[in-house]
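Open the model in a viewer and keep a selection panel at hand. The stops below go from single residues to the whole chain, with a note on what to select at each.

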Amino acid sequence: PGYGKTADVVCLQGQFTPAQCLRQPACTSPPVIAHVAQDLSSCEGGTEEACPAFTCMPGYQPTGPLRCQDGRFTHPRCDPLPCPRPRRAAHFADLSQCGGT
C-alpha cells in the first residue's frame, strides 16, 4: 500500500520491460460524505493505508470504498437503504406502488 507500479512487466524478445514501484502522492483533505458515521480527519495528508474503512449512519449504505488514488480521494456516498416491498395492510387494495426507496 502507498506505492504504485509505473508499468506492467512484460517479457519481449527474451527481455523484461522496465518497471518501478513509486510512492503514491498523499491525499489532502478527505471528501465530505453526507450521512457518514465517523470522523474522517485521520485520512488527511495520508495515503490509502492511513484511512480506515468508513461506515454510514443507520439506514444508509456506502456506494464504495474511500481510497487515495494518485493523490486524490475517490468520492463514495452513503445512499439510503432500499425499503422492502410493503406487507399487506387492512383496507388497501394495492400497495405495489409503495415499494422501493
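Buried means under 20% relative accessible area, exposed over 50%, and partly exposed in between (1.4 Å probe, protein chains only). This is a predicted model, in which local features need pLDDT of at least 70 and side-chain atom pairs count only at pLDDT 80 or more, while totals for chains, interfaces and linings use all residues. Residues are numbered from 1 along each chain as its sequence is written, and side-chain values use heavy atoms, with hydrogens and water left out.

**Stop 1: Ser29**

Select Ser29. At 47% relative accessibility, Ser29 counts as partly exposed. Ser29 sits in the loop between β4 and β5; strands (E, at least two residues) and helices (H or I, at least four) are DSSP runs, numbered from the N terminus. Which residues are in contact with Ser29, leaving aside its neighbours within four places in sequence? They are Glu44 and Phe73, where contact means heavy atoms within 4.5 Å.

**Stop 2: the cysteines**

Select the cysteines next. A disulfide is taken here as a pair of cysteine sulfur atoms within 2.5 Å, and by this rule there are two. In general, a disulfide is a covalent bond between the sulfur atoms of two cysteines.

Start with Cys27 and Cys68, which are joined by a disulfide with an S to S distance of 2.0 Å. The link of Cys27 and Cys68 is right-handed, with 105° about the S-S bond. Cys27 lies in the loop between β4 and β5 and Cys68 in strand β6 (residues 68–69), so the pair ties together parts that are 41 residues apart in sequence. Cys27 is buried, at a relative accessible area of 0%, and Cys68 is buried as well, at 9%.

Move to Cys56 and Cys78, joined by a disulfide at an S to S distance of 2.1 Å. The link of Cys56 and Cys78 is left-handed, with -85° about the S-S bond. The pair links distant parts of the chain, 22 residues apart: Cys56 is in the loop between β4 and β5, and Cys78 is in strand β8. Both ends are buried, Cys56 with a relative accessible area of 13% and Cys78 with 7%.

Cys11 counts as partly exposed at 48% relative accessibility, whereas Cys21 is exposed, with a relative accessible area of 62%.

**Stop 3**

How many salt bridges does the structure hold? The count is one, a salt bridge being a side-chain nitrogen of Lys or Arg within 4 Å of a carboxyl oxygen of Asp or Glu. Arg77 pairs with Asp79 in a salt bridge, and their closest N and O atoms are 3.1 Å apart. Arg77 counts as partly exposed at 47% relative accessibility, and Asp79 counts as partly exposed at 24%.

**Stop 4: positive phi**

Most residues other than glycine have a negative phi. Select Gln13, which is not a glycine and has a positive phi of about 50°. Gln13 is found in the loop between β2 (11–12) and β3 (15–16), and at 83% relative accessibility it counts as exposed.

Then select His35, another residue other than glycine, whose phi is positive and near 70°. His35 is placed in the loop between β4 (21–23) and β5 (60–62). Is His35 buried or partly exposed? His35 counts as partly exposed, at 34% relative accessibility.

**Stop 5: the whole chain**

Clear the selection and switch to a cartoon. The protein has eight strands and zero helices. Of its 101 residues, 20% count as buried. Among contacts in the protein with a separation of 6 or more, 23% are between residues 24 or more positions apart. The accessible surface comes to about 7700 Å², and 55% of this belongs to carbon and sulfur atoms; accessible areas come from the Shrake-Rupley method with a 1.4 Å probe, and for residues only the protein chains shown count as cover.

Finally, colour by pLDDT, the predictor's confidence in each residue, from 0 to 100. The protein averages a pLDDT of 79, and 78% of the residues score at least 70. Where pLDDT is low, the predicted coordinates should not be read in detail.
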